[in-house]
Amino acid sequence: MALAAGVVPIGAASPRRRPPKKLGVVVIVAPPGARTPQGIGIGSAEAELKVAYPKLRRGPSGYPAATVPGNDQAYYLFNARKGKVVEMSLVVAEQDCLKVN
């Protein structure tokens with residue numbers, strides 16, 4: 001299967017997990033330059049993330065996660081290092097690949 005550069009099939013990291021057949025795509029990793037409607041993107045300060053999403057909670061592997069405003073069927077998952085957002089994804093809330101606590 002040929003994939004676009006930087007695209008990893010869901011479940012590829014774990015041979016025990018398979019992508020859900022009913023839902024199809026459940027995670028979209030944001031490309032460089034993408035921003036949430038609240039202005040958060042790669043390079044945003046972690047302090048800005050906390051202001052934009054005051055109800056942050058811990059997602060998979062302890063990463064910060066926030067419900068998408070106006071859409072409780074999805075959440076943003078952020079990865080921050082050294083005080084900056086380095087990666088973010090849009091994730092379907094009800095699926096069996098990633099879970100938010």
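User: Tyrosine 76: buried or exposed?
Analyst: Buried. The model is predicted, and in it tyrosine 76 has a relative accessibility of 11%. The cut-off for buried is under 20%, so tyrosine 76 qualifies.

User: Which residues make up the ring cluster?
Analyst: Tyr53, Tyr76 and Phe78, linked by ring pairs.

User: Let's step back. What's the secondary structure?
Analyst: The chain has 1 helix and 5 strands. Along the sequence the pattern reads β-α-β-β-β-β.

User: What's the strand order in the sheet?
Analyst: 1-5-4-3-2, in an open sheet with antiparallel pairing. Strand 1 (27–29) and strand 2 (57–58) are the edges. Each has a single partner strand, so one side of each lacks a neighbour in the sheet.

User: How many bridges are there between strand 1 and strand 5?
Analyst: 3, in the antiparallel sense. Within strand 5, leucine 90 is the residue opposite isoleucine 28.

User: How many for strand 4 and strand 5?
Analyst: 8 bridges, also antiparallel, with strand 5 covering residues 84–92. Valine 85 of strand 5 sits opposite alanine 80.

User: What about the turn in that hairpin?
Analyst: The hairpin of strand 4 and strand 5 has 2 residues between the strands. Lysine 82 takes a positive phi there, near 50°.

User: Now strand 3 and strand 4. How many bridges?
Analyst: 4 bridges join strand 3 (residues 64–68) to strand 4 (residues 71–81), running antiparallel. Threonine 67 has tyrosine 75 as its bridge partner. Valine 68 is opposite asparagine 71.

User: Which residue has the positive phi in that hairpin?
Analyst: Glycine 70, near 80°. This hairpin, too, has 2 residues between its strands.

User: On to packing. Which residues form the largest nonpolar core?
Analyst: It has 11 residues. They are Ala30, Ile40, Leu49, Tyr53, Ala66, Val68, Ala74, Tyr76, Phe78, Val85 and Met88.

User: Which strands supply at least two residues each?
Analyst: Strand 3, strand 4 and strand 5. The largest share, 3 residues, comes from strand 4.

User: What lies apart from that core?
Analyst: Another core, of 6 residues. Among them are Val27, Tyr75, Leu77 and Val91.

User: What does methionine 88 touch?
Analyst: Setting aside neighbours within four places in sequence, methionine 88 contacts Ile28, Val29, Ala30, Ala34, Arg35, Thr36, Ile40, Gly41, Leu77 and Phe78.

User: Change of topic. Asparagine 79: buried or exposed?
Analyst: Buried, at 6% relative accessibility. Asparagine 79 is placed in strand 4.

User: What's around asparagine 79?
Analyst: Leaving out residues up to four places away in sequence, asparagine 79 touches Tyr63, Lys84, Val85, Val86 and Glu87.

User: Last bit, the whole chain. How much of it is buried?
Analyst: 28% of the 101 residues.

User: And the accessible surface?
Analyst: About 6,900 Å². Carbon and sulfur atoms hold 57% of that.

User: What share of the contacts is between residues 24 or more positions apart?
Analyst: 42%, taken over contacts with a separation of 6 or more.

Conventions
Residues numbered from 1 in each chain as written. Predicted model: local features only at pLDDT ≥ 70, side-chain atom pairs only at ≥ 80, totals over all residues. Heavy atoms only, no water. Pairing = 2+ DSSP bridges. Buried < 20%, exposed > 50% of the residue type's maximum accessible area, 1.4 Å probe, protein only. Contact = heavy atoms within 4.5 Å. Core = buried A, V, L, I, M, F, W, Y, C linked by side-chain atoms within 4.5 Å. Phe/Tyr/Trp six-rings, centres within 6.5 Å; stacked < 30°, edge-to-face > 60°. Areas by Shrake-Rupley, 256 points an atom, 1.4 Å probe, with all protein chains shown as cover.
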